[in-house]
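Hi everyone, thanks for coming. I'd like to walk you through one structure today, so let's get it up on the screen.

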Amino acid sequence: MQRAWMVRAGSDGEWEQDALNKGMVAAAWSGHLGDLSLYRDRDALQEAVAATYPRADVVRIRNWTGQLWKLADEMSEGDWVVLPLKSAKQVAIGRITGSYAFRKEAPTGLQHTRPVEWRRTDLPREDIKPDLRNMLGSLLTICELSRFDAVSRLGRLANDGVDPGTDKPEELRGVDTVADLAKTVAANGPVPMTIRDLLALWDAGSRNSAVVDRVRADLAGYGLSTTPPFTDGSIDTLIKVLSIGTAPETVARNRERAFHLSTIEGKPPAENVPEAADGPPEEIEEIDAATAPEIGLRISHLLSAANELISIPLDSDVVTAQTTMLDNGYDQLAVVDGGSLVGSISWRSIGRARISHDKPTIADALEDGHRRAGRKDELLGWIDDIVKTGYVFVVNADGTPAGIVTAADVSERFGEDLRPTMILEEIERRLRRALSVFTAEELYHYAKQYKHSTIADKKRLGQLRPLSPDDLVFGEYYNLLENDEAWERLGWKISQQILLARLDEVRKIRNSVAHYHPDPLSANQIKSLEGLRSMVRAAHSDARPGGGAG
């Protein structure tokens with residue numbers, strides 16, 4: 001029976017290119033284990049793993065053994081395999097083509113392998129429907145994708161890039177409105193979902209101020225909230241929607257507002273708006289609809305701030321810390337004491353401690369414990385620290401570790417924000433240069449859609465101010481390029497209909513970029529920007545052969 005698997009290529013994606021270029025997946029465990037195919041059974045492998053990692057606890061040994069056994073024994077030729085790419089928001093999909101192989105001379109991380117024929121190496125994550133995409137969020141290096149018809153869906157994705165699955169995870173099927181969500185919470189308790197899935201109930205794909213205001217108000221109207229707040233974290237952060245424990249008079253107001261909203265939207269009100277709940281001791285979304293949305297980037301908006309943070313206790317030992325860093329490819333580890341973050345330990349701090357102590361402890365190698373950012377801290381306030389040290393730990397309100405933000409995370413996020421702006425600037429420069437062939441009167445007619453008689457009257461009265469392509473907005477570019485006479489003048493050798501369709505998409509994207517919100521553009525939106533840029537580059541070059549398109 002054909003199966004499907006996910007295999008990662010290092011905690012920071014350090015083995016991705018080797019895996020793709022050499023046609024394989026690999027498990028980054030020590031080569032000291034030797035050839036895994038020589039172990040007679042899983043128990044024998046577990047004994048070897050325990051001997052290789054003497055400081056690891058029993059639970060971790062069993063977990064690692066299970067993952068290695070999957071690679072060595074359970075995978076089969078013809079199985080599908082997914083490689084999530086850290087270097088881009090994409091995945092690679094391939095088919096296993098042979099048996100497990102031990103590559104003794106290869107570097108650690110590339111010794112335990114399976115050969116793979118990669119069918120697709122640049123599939124955007126968002127092209128995978130949420131139920132299957134969420135399975136790729138597993139923290140394991142190797143795991144089986146056994147739910148949601150993963151085998152046949154990965155086949156379709158590999159062959160034509162289309163996921164035939166549902167847009168909703170199993171627990172959200174039948175939840176199409178906030179009223180449905182309220183009923184589900186009342187019947188089943190807190191509902192887990194991503195922020196993306198929550199926003200979809202309002203047909204929204206990002207958290208601009210208008211969307212945040214409406215979601216907050218509607219959730220409050222149905223007596224619901226989220227933990228953590230839906231404004232906190234990346235758009236794919238997993239949250240829980242839960243009932244709010246409120247005073248009786250507040251419940252009455254919530255019911256009244258729920259009925260009012262449902263009547264306006266033409267939807268029946270929830271039959272059972274929850275009256276109260278013993279909420280968990282977690283931070284929940286403030287339900288006051290008048291609360292202003294967040295402005296600017298918060299620490300929590302960077303994806304890695306929501307990831308599980310690997311840490312070691314203060315009473316552990318240096319050898320365990322070193323082994324854990326080697327195993328995960330880390331340069332530093334969080335150190336906790338009583339559940340709270342007290343500092344960090346790194347290769348540098350361990351080296352320094354060894355100079356001063358014959359047998360250094362974690363406490364001897366502990367680095368500054370004050371470099372801790374709160375989830376709601378503004379990112380800009382921490383940039384200098386992150387640049388200087390390479391990272392900052394993120395803590396919850398109670399001091400427990402929440403994640404880590406690295407210099408790479410900051411660079412990636414700023415790149416995500418800057419890239420669309422640069423593409424849009426190039427598109428507009430090229431369009432304005434191309435449209436410079438038109439006179440001011442022609443721009444008034446084609447772009448602003450003035451009648452010829454109106455233009456003549458304004459010109460006669462001295463009221464026709466100068467107009468150049470620099471004065472036009474995207475909607476006016478569309479008006480001009482839609483005009484067949486103007487299009488003929490440009491002489492562009494591309495499809496007018498395709499360009500106009502893409503231009504209309506980009507016009508909406510530009511509005512999103514101009515009005516800042518914390519969610520980066522999707523891969524499909526970036527594709528639209530790049531598509532229009534490619535068309536304008538080609539068209540303008542055709543229109544001005546030999547000229548500098550700039």
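How many aromatic pairs does the structure hold? This is a predicted model, and there are 6 aromatic pairs in it. One of them is formed by Phe474 and Tyr477, an edge-to-face pair with 5.4 Å centre to centre and 65° between the planes. Both residues sit in helix 16, residues 474-482, and because they are 3 residues apart there, about one helical turn separates them. Phe474 counts as buried because its relative accessible area is 5%, under the 20% cut-off. Tyr477 is buried too, with a relative accessible area of 0%.

Another edge-to-face pair is Trp487 with Trp492, at 5.7 Å centre to centre and 80° between the planes. Both of these Trp residues are buried.

Staying with rings for a moment, have a look at Trp80: Arg95 lies over its face, 4.7 Å from the ring centre.

Now, on to helix 8, residues 209-221. After helix 8 comes Gly223, which has a positive phi, near 70°.

Last stop: Ala440, which belongs to helix 14, residues 440-446. Is Ala440 buried, partly exposed or exposed? Its relative accessibility is 27%, so Ala440 counts as partly exposed. Pro469 is 29 residues from Ala440 in sequence, yet their C-alpha atoms are 8.6 Å apart in space.

Technical notes
Residues numbered from 1 in each chain as written. Predicted model: local features only at pLDDT ≥ 70, side-chain atom pairs only at ≥ 80, totals over all residues. Heavy atoms only, no water. Helix = DSSP H or I, 4+ residues; strand = E, 2+ residues; numbered from the N terminus. Buried < 20%, exposed > 50% of the residue type's maximum accessible area, 1.4 Å probe, protein only. Phe/Tyr/Trp six-rings, centres within 6.5 Å; stacked < 30°, edge-to-face > 60°. Lys NZ or Arg CZ within 6 Å of the ring centre and 35° of its normal.
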